[in-house]
Protein chains: 2
Amino acid sequence: MKRVRLTVAYDGTNYAGWQVQPNALTVQEVLDQCLSDLLKTPIHTMGASRTDAGVHALGNIAVFDTEARMPADKYAFALNTRLPEDIRIQKSEEVAPDFHPRFCRTIKTYEYRILNRTFPDPTRRFNSVHIYGNLDIEAMQRAAACLEGTHDFKSFATENLQVTDTVRTIYETRLWKEEDMIRFQITGNGFLYNMVRIIVGTLLEVGKGAIQAEDISAILEAKDRTKAGPTARAKGLTLLHIRYPDEEVETVK
Amino acid sequence: MKRVRLTVAYDGTNYAGWQVQPNALTVQEVLDQCLSDLLKTPIHTMGASRTDAGVHALGNIAVFDTEARMPADKYAFALNTRLPEDIRIQKSEEVAPDFHPRFCRTIKTYEYRILNRTFPDPTRRFNSVHIYGNLDIEAMQRAAACLEGTHDFKSFATENLQVTDTVRTIYETRLWKEEDMIRFQITGNGFLYNMVRIIVGTLLEVGKGAIQAEDISAILEAKDRTKAGPTARAKGLTLLHIRYPDEEVETVK
């Protein structure tokens with residue numbers, strides 16, 4: 001028996017998120033079905049990140065166990081010929097039998113893309129959110145920097161009864177504008193439900209001047225969802241990669 | 001009566017190209033229908049570039065004449081609320097009554113995007129073509145440079161009986177790699193049928209070593225389509241902008 005780890009990229013536009021659920025098509029369901037067809041036995045993967053409906057990924061992680069003899073690195077090729085065009089395995093490799101994708105010490109990096117111009121660009125509509133009007137990039141950068149460090153992010157999470165500990169550590173934020181696209185990257189040891197999208201919704205309020213960058217600390221301290229900005233739309237969000245302890249992040253090429 | 005010029009962006013994925021044709025949905029047909037609904041009278045636009053099925057545009061140009069009182073700059077807003085998400089007007093403005101979008105002295109710039117990595121990226125599948133394996137970027141740049149100037153491009157055109165003069169001038173080519181994306185931009189005073197796609201197909205052969213950069217001149221001189229490379233897929237191609245005499249190119253913001 002071996003444990004195989006898959007690095008999974010997908011366009012989340014047409015899926016109800018990662019996690020298998022009744023009455024809605026999910027990325028995990030499609031992947032499990034392709035794996036089961038390939039190995040002619042039911043396979044259930046375990047995913048690292050349960051991305052929401054409409055959220056994209058370049059490097060989500062899934063593992064499964066199999067008795068099959070196929071070398072682990074061949075799964076990427078074998079699955080990519082079976083998967084629909086909006087899901088592609090980027091890498092497959094054997095990992096230790098006790099490797100768990102939701103290991104508590106993972107470090108995740110997300111990117112959110114904001115297209116800041118007068119009119120939408122149809123060719124970039126699936127993985128960015130269009131915002132018209134001036135945004136104060138420097139203020140957004142200052143606000144993002146205030147989120148770095150270990151904080152209680154209760155103000156930046158949709159109420160989720162399963163989670164009681166709302167303290168997380170943000171290692172780094174980066175926000176910059178490339179031509180007309182604002183790119184925001186955030187790296188942390190865990191993210192609460194909708195946390196990145198609420199952070200982005202708040203940064204947009206800062207960009208518009210409705211919230212001051214200097215107010216971010218007070219919003220964190222309030223531990224009150226209503227003090228933060230709205231939840232930004234899912235389609236601008238992409239899970240870039242997940243890093244495990246003692247592993248280098250590898251740019252998939 | 002006034003003549004209104006529209007700068008039109010579209011994702012060509014779901015269209016049989018720009019030009020109205022029977023039994024297939026085109027960008028022009030959708031635009032004409034929206035304009036006719038808006039102005040409550042049949043409107044037929046005249047387009048600058050008849051992009052092929054699957055080709056995208058950020059700045060195609062269309063004009064129409066109208067007696068309506070609406071200020072020309074309002075058409076962009078009015079049409080964008082009616083158009084489907086994959087077509088967006090970027091600018092609307094009044095032009096001289098004798099302005100013709102297919103004016104012979106236009107200068108067009110196209111971009112072709114080649115995603116050069118091991119596996120496809122689902123989030124960029126609609127506007128780039130995935131190529132696996134090493135490509136010699138420097139050789140592709142040298143080959144592209146050989147196309148600059150005034151040449152007979154017969155070898156780089158699909159046979160088209162309507163065109164007898166196959167001499168065109170390429171003012172500039174640019175080819176560079178940004179992370180895993182090869183971007184190729186080409187600016188010229190006109191392009192024959194499939195010319196950009198055949199040029200890209202040929203540059204890819206050069207990148208793979210199947211054609212030498214130094215052979216481009218001989219391919220031009222042969223005036224023989226069979227000497228050039230295959231026609232690259234439509235989905236990697238975007239019409240960036242069209243410049244008219246005495247007008248600056250404006251980056252739409």
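Between chain B and chain A of this predicted model, the count is 4 salt bridges. Over all chains, the structure holds 30 salt bridges. Side chains of opposite charge can pair when their charged atoms come close. B:Arg125 takes part in two pairs with chain A, listed below.

| Residue of chain B | Residue of chain A | Closest N and O atoms |
|---|---|---|
| B:Arg125 | A:Asp11 | 2.9 Å apart |
| B:Arg125 | A:Glu85 | 3.7 Å apart |

The pair of B:Arg125 and A:Asp11 is a salt bridge. B:Arg125 lies in the loop between β5 (107-116) and β6 (129-131) of chain B, while A:Asp11 lies in the loop between β1 (2-10) and α1 (27-39) of chain A, so the pair joins two chains.

The interface may also be described as a whole. In it, 27 residues of chain B are in contact with 27 residues of chain A. The size of an interface is often given as the accessible area lost when the parts come together. Here the area buried between the two chains is about 2500 Å², and carbon and sulfur atoms give 57% of it.

Within chain A, helix packing can be examined. The axes of helix α3 (residues 137-146) and helix α4 (residues 195-208) of chain A come within 8 Å and cross at roughly 140°. The helices α3(A) and α4(A) are therefore oblique to each other, and their crossing is right-handed. On the side of α3(A), the contact is made by A:Ala139, A:Met140, A:Ala143 and A:Ala144; on the side of α4(A), by A:Leu203, A:Leu204, A:Val206 and A:Gly207. By class, this contact has 7 nonpolar residues, 1 polar residue and no charged residues.

Key: Residues are numbered from 1 along each chain as its sequence is written. Chains are lettered from A and ligands numbered from 1 in the order in which they are written. This is a predicted model: local features need pLDDT of at least 70, side-chain atom pairs count only at pLDDT 80 or more; totals for chains, interfaces and linings use all residues. Side-chain values use heavy atoms; hydrogens and water are left out. Axes are lines fitted to C-alpha atoms, for helices over the stretch in contact, and angles run from 0 to 180 degrees between N-to-C directions. Helices (H or I, at least four residues) and strands (E, at least two) are DSSP runs, numbered from the N terminus. Angles under 35 degrees count as roughly parallel, over 145 as roughly antiparallel, 65 to 115 as roughly perpendicular and the rest as oblique. A crossing is left-handed if the near helix is turned anticlockwise from the far one by less than a right angle, and right-handed if clockwise. Contact means heavy atoms within 4.5 Å. Ala, Val, Leu, Ile, Met, Phe, Trp, Tyr, Cys and Pro count as nonpolar, Asp, Glu, Lys and Arg as charged, and the others, Gly among them, as polar. Buried area is the accessible area (1.4 Å probe) that two parts lose on being put together, summed over both. A salt bridge is a side-chain nitrogen of Lys or Arg within 4 Å of a carboxyl oxygen of Asp or Glu.
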